[in-house]
Amino acid sequence: MSFSTGLHGLVSLVMGALLGAGLYVSGMSDPGKVLGFLDVLGPWNPALMGVLGGAVIISLIGFQSLPQQMSRPWLESQFYVPTRRDVDRPLVVGTLLFGIGWGLVGYCPGPALAGLALGNGEAPIFLLAMLAGGVVQKRWEARNK
Amino acid sequence: MQETLFGIPVSAWLGGIMIGLAAVGLFAFLGRIAGISGIFFASFGRDGGLWRWLFLAGIPLGGGVLAYFMPTLNGVTRPNPGVVWLIVAGFLVGWGTRMGSGCTSGHGVCGLGRLSPRSLAAVGVFMVAGVLTASLLRHWVGL
């Protein structure tokens with residue numbers, strides 16, 4: 001493994017760990033808090049507003065300023081940025097299905113991954129089903145082309 | 001005792017800021033969007049890339065370390081929905097995030113920061129779907 005690959009990996013691990021730590025500290029890793037926010041008819045828990053608010057403020061500052069400050073990332077030759085701007089049917093249908101799954105049990109992909117280390121048996125079951133869902137979707141898409 | 005800011009626990013703000021810093025950090029160093037569902041599915045692809053596996057591994061690592069040192073801060077505060085509903089929800093999240101090119105991190109955190117019209121639409125859709133499901137459908141099916 002080259003030095004550059006190692007550095008890439010280390011930075012990636014650290015950023016993943018920071019994200020996972022943030023998920024735990026914020027309470028987003030607790031599906032009960034997530035459902036407490038999404039369920040507006042129950043005793044409403046506004047905590048997720050702070051999580052999303054804090055994250056989006058930092059993200060806005062970073063993503064709006066960095067590409068102007070630097071021509072390329074520190075360890076790469078280019079930024080890998082999605083270029084599409086059109087709102088199409090798969091985007092809407094896909095995010096709709098995602099939102100339903102999220103609202104059923106309170107897990108989205110990040111908190112489910114963090115949940116692997118938080119000592120309940122739910123996370124691995126959810127993640128395996130999530131992997132299956134993605135694989136079947138890809139096959140379905142290929143068949144319907 | 002829990003400190004709050006605008007009626008929201010300071011820990012929620014702080015954790016959100018950490019998530020934002022991680023997303024901006026990955027972009028500044030590797031030029032990549034920290035979209036967890038996208039990285040998750042691409043990691044199983046032919047050109048998965050070591051960085052993807054390490055990023056994904058970091059998430060339970062960071063969460064686990066924090067939980068070890070601050071075990072009372074957060075836990076799981078809803079009853080276990082059972083294997084069947086976990087599988088149904090996981091399948092929908094997998095299908096949906098792959099079809100819709102992103103989840104809460106990719107569209108929510110990074111996409112909104114990038115002012116992407118696709119992500120703006122996606123966040124609107126999954127928020128409304130999440131609220132309606134958690135408020136109505138979940139109770140209706142007995143969860």
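The structure is a predicted model, in which local features require pLDDT of at least 70 and side-chain atom pairs count only at pLDDT 80 or more, while totals for chains, interfaces and linings use all residues. Residues are numbered from 1 along each chain as its sequence is written, and chains are lettered from A and ligands numbered from 1 in the order in which they are written.

Chain A contains six helices and zero strands, where helices (H or I, at least four residues) and strands (E, at least two) are DSSP runs numbered from the N terminus. Its C-alpha atoms occupy a box of roughly 50 × 45 × 35 Å along the principal axes. Of the 145 residues in chain A, 52% are buried, that is, 20 or more other C-beta atoms, placed from the backbone, lie within 10 Å of their own.

The contact between the chains draws 101 residues from chain A and 100 residues from chain B, two residues being in contact if their C-beta atoms, placed from the backbone, lie within 7 Å. On the side of chain A that touches chain B, α1(A) gives the most, with 19 residues.

In chain B, helix α2 (residues 36-43) is largely enclosed by the rest of the structure, because six of its eight residues are buried. These are B:I36, B:S37, B:G38, B:I39, B:F40 and B:F41, and the buried residues of α2(B) pack against α5 and α6 of chain A as well as α3 (50-69), α4 (83-99) and α5 (104-113) of chain B.

Definitions and conventions
A residue is buried if 20 or more other C-beta atoms lie within 10 Å of its own, exposed if 12 or fewer, and partly exposed in between; C-beta atoms are placed from the backbone.
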